Amino acid sequence: MDGSARVRVTLLGAFQVTRGAEALAIPGARLQGLVARLALAGGRPVPQSVLVDAIWGSDLPADPAHALQALVSRLRRALGSPSDVTQVAGGYRLTIDPADVDALRFEQLVAAASLDDAVTLWGDRPGVEPPAVAAVDPATATRLARLSIEAVTDLAEAELSQGRPDSATARLTALLTEHPVHERAAALLMDALAAQGRQAEALAQYEQIREALADDLGTDPGTALRERHLNLLRAEPVKETKPAALPAPLTSFVGRTDDLARIDALLATGRLVTVLGPGGAGKTRLALEAARRREYRDGSWLIDLSPVTEPAKVAAAMLTAIGLRGTALFEASAKPVGDLDVLADELSGKETLLVVDNCEHLIDAVAHLLSALLPRCAGLRVLATSREPLAIDGEALVPLGPLRDTASVRLFTERAAAVRPDFTVDEGNLDDVLRIVRGLDGMPLALELAAARLRTLSLADLASGLSDRFRLLTTGSRTAFPRHRTLRAVIAWSWDLLSEDARTVAERIAVLPGGVTPASAGAVCELPVEQAQELLADLVDRSLLQLVPGRYRMLETIREYGLECLAEQGILPAVRNRSARYFAELVAATDPLLRGPRQRDALHLLTAEYDNVLAALRHLCDTSDAGLALAIDLTWYWHMLGRHADASYWLGQATAQPGMHHDIAAGALLLDAGAAADEVVSRLLNYPELPPFGVLTAAGLAARAGIDASPLLQRLADGPDRWLAGLARITRAELAENDGHLAQIDSDVAVALDCFTESGDSWGVAMALPMRALLRQYDGDLAGALADLTEAKRLAQEFGSLNHSDETFIDLRLIDLHVRLGETEQAAAMIAVTRDRTLRSTMPGTVVLLDAREASFRLRTRDLTRARELIEAAEAGLSTPLPFGGDHGQALVSAVRAELCLELGDGPGAEAALDRAYAAAVNSKDLPIVATVAVTVAGLAELYRRFTDGAEILGAAARLRGAHDRTDLQVRTLSSRGRLALGEERFAAAYERGWQLPAPAAVTRADPARLHRNGSFSG
């Protein structure tokens, strides 16, 4: 037996202990129970009393301590190494890593949102208590069983959001077989069935759970289930019900019942409530508890502002927390949208709660943002926490006082029992407990820190130590609030009781506002990762750190104390430098991974560390020229998530010597401002190597300045880097689309998709698929185009929620494809869904585009009355800002007005509308838009019986878009009429003349002024 190999314990299935590859024999239920209870502690000491109770229960041996010692001796022999089980003060400890205990590993995976791995590890019986755990720790077994059910449900929800309803259906069906009254699982199963077109089965599922709830619990289905049922009966799309994006509580909530009731009442009648109190008063915990107790249809979100240092970036922090994109992903011509507008657009029409935590250091910025956001989002409620009021209209305050004695004692007792399971309050120790909780002024954080000391101190020693510490307050600041002085005293005492290494770690990780991992702690503290991890665990034990999914987090009050300690020692700048170097190197190493098969992991890493990265970026911008290099390394991350406002802000904050980085920053700022500078463009185009964001910046500026960027794009397209070749080709294709060069687009899109697929870049594939869908549409492969758009949307959603421009872009394309396919019912249903979402938007310009699209649809179905209403509404909305540009909107709306006039035989009306449409289309410099107008101009020619002109104009329209587009219903109808009037040969010849025109001549040929009834026409 290799005594140096690690011990692993299996508790979730059949009990097993292994060392390396060898299974160890652990005979007997009591010996196995000893292993199980020690293993559940994950390498931490377990008191003797806890072990005795777990192993023998009420059937105690005559001498429990001796019996336990004998059992431990047997276990040491079975494990083959006496050092594996060590005796510590008051108990025993098994030397094992938590990751080597499958039950603890399961919890770690769930906390890290690695749901697939967690569910696989648990096995095929979610909700069943593991027998090995239940035998020694029934409460933990119950908790694990419940967690397994939620893990399966969360995984199914993730599969559903990723467009995999079949997988979610199978998983949820199996779960509900064993747990038929799990409402959330049933609701998700209804969604999954509906997503596959299985509405009848979804309705049957509702009836099943309704009956199960009535039979088993004597209750009715909840709101979420009833709403889904009603929508299915109405044949309406199921509204997505977002889960509350709030962290799960790690401990019980104690006291504050009056405060909870007040918050609930205020949120029922008002929309902004601020919980006030000093650091450590329990504001965050109270706010989260209040948020959990009220259901909001569209979810609740925690916005933690403690890591945010820039007042201008509060809205961006909210976008990040909610998981929203910034600017559009698919529509390159869409106008940039500010963070406030994106937030308002997402939250408008929804019933949502934002818990905005730690506002005090950004009080003015938060106040201004909420003052603008709340009036635009009628269903939004905000529960803020701060050390001072926001002082804006409609704010209701909930100031926090100390916990009452009863609640203080209960909180202290529960937290003490967590570190000493045998701790209880009785007549013998009640005086000491009261002396402690009253001395701590009922401050929750102070009580928790004090209770954590009972791991190594007796209650009497704790009371005595706190009394000594409080006496020192008389020499401190007399101007500080008493409760603040009390809390600082407890933190200071907790600090003093740390080992030197632990104190060093606690102080240095305080520079990390976004939480800490063993790797970042090791880098900042100059320690091996393994040692850093042990010290972090020690700080968790002492309540100085909290373990949250994927990392450790330090409460802001404790972090402030750590920063003060560093400042007093004069080493704060040095520690910040070390942290900034680490995160700059981390981003530099991670940035290339964003463009390959590991891009989701890279995105997850950068998102998790984003607050720390921005703190590093701020420090570097303030202290050196190194900030720009870090900002440039972040540009592709910002670009992928549509965070162009962040890119512009930080590129503007950073400074550097003249060179490539300086020119990229300058170019990006010019692009964002809608300006151009020939000298900057020329330098960018001449750099032998540019990072990806530099390529996009150079191409965008060149297009705006009228400078040819093709040499740069051709060099990259022919270069050895396959991903850069893909980027160059898709960029060139986007530029070529506006000029109607479809042959160039066809070649570039095919190669770009190959490049991105070979590189493993799903984001790049998502970018390229809509362009291939357009090519397939022109080729008549409508099913292929539909599949491409659907897949592009699915892939894009893996990188964050699509913003309104993206949703509208995809939906309008899909509606058009359904119309071309003759699927009028599907087109009408999609129009209704899109209209419902658009009407809830705070960006009214998108309604104009939808009105124009639906009006065209109604013309095809001969509903002229409804078409007229929609056109009038669209024309009235043209004064509002449009997401794709005013000229585009004017051209499309006026062209549809002209179509209506043609249907009514109103030539003069069609002429006037087409004059407006043509002028706007030409001004847009977008040849496919000119082509759209030209097709309606061909309709005007046919109205005037000028069929030869109509055929030539149809050919010119094809030249402008670069393709014949024979599946377009209007083109097909006009072509049929032209062939009938002219005959096949004459029509084909006229069409060919238009097709052969150069682009400028084709634009001129489409001018409706040349077709006015009373004007002359020259062909």
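1. A definition before anything else: a residue is called buried under 20% relative accessible area, exposed over 50%, and partly exposed in between, using a 1.4 Å probe and protein chains only. Keep in mind that this is a predicted model, where local features need pLDDT of at least 70, side-chain atom pairs count only at pLDDT 80 or more, and totals for chains, interfaces and linings use all residues. Residues are numbered from 1 along each chain as its sequence is written, and side-chain values use heavy atoms, with hydrogens and water left out.

2. Now Asn-358. This residue has a positive phi of about 65° although it is not a glycine. You'll find Asn-358 in the loop between strand E9 (352-357) and H16. Buried or exposed, then, is Asn-358? Buried, at a relative accessible area of 12%. The element names come from DSSP runs numbered from the N terminus, with helices being H or I of at least four residues and strands being E of at least two.

3. Lys-925 is not a glycine, yet its phi is positive, at about 60°. Its place is the loop between helix H44 (907-924) and helix H45 (927-943). Lys-925 counts as exposed, with 66% relative accessibility.

4. Some overall numbers. The protein has 49 helices and 13 strands, and 54% of its 1019 residues count as buried. Taking contacts with a separation of 6 or more, 70% are between residues 24 or more positions apart. Contact here means heavy atoms within 4.5 Å.

5. On to helix pairs. Two packed helices are described by the angle between their axes and the distance between the axes. The axes are lines fitted to C-alpha atoms, for helices over the stretch in contact, and the angles run from 0 to 180 degrees between N-to-C directions. Angles under 35 degrees count as roughly parallel, over 145 as roughly antiparallel, 65 to 115 as roughly perpendicular and the rest as oblique.

6. Start with H15 (residues 339-347) and H16 (residues 363-373), whose axes come within 10 Å and cross at roughly 45°. That makes H15 oblique to H16. From H15, Leu-340, Leu-343, Ala-344 and Leu-347 meet Leu-369, Ala-372 and Leu-373 of H16. By class, this contact of H15 with H16 has seven nonpolar, no polar and no charged residues. The classes go like this: Ala, Val, Leu, Ile, Met, Phe, Trp, Tyr, Cys and Pro are nonpolar, Asp, Glu, Lys and Arg are charged, and the others, Gly among them, are polar.

7. What angle do H22 (residues 500-508) and H24 (residues 529-541) pack at? About 85°, with their axes 10 Å apart, so H22 and H24 are roughly perpendicular to each other. On the H22 side the contact is made by Asp-501, Ala-502, Val-505 and Ala-506, and on the H24 side by Gln-531, Leu-535, Leu-536, Asp-538 and Leu-539. The residues of the contact of H22 with H24 divide into six nonpolar, one polar and two charged.

8. H28 (residues 610-623) and H30 (residues 644-653) pack at about 30°, and their axes are 10 Å apart. That makes H28 roughly parallel to H30. Tyr-610, Leu-614, Leu-617, Arg-618 and Cys-621 of H28 meet Asp-646, Tyr-649, Trp-650 and Gln-653 of H30.

9. Gly-950 is buried, with a relative accessible area of 0%. Leaving aside neighbours within four places in sequence, Gly-950 is in contact with Ala-938 and Ala-941. Gly-950 and Ser-975 are 25 residues apart in sequence, and 8.7 Å apart in space from C-alpha to C-alpha.

10. Last one: Thr-140, in helix H7 (residues 138-161). Thr-140 counts as buried, at 13% relative accessibility. Which residues is Thr-140 in contact with, leaving aside its neighbours within four places in sequence? Leu-40 and Val-133.
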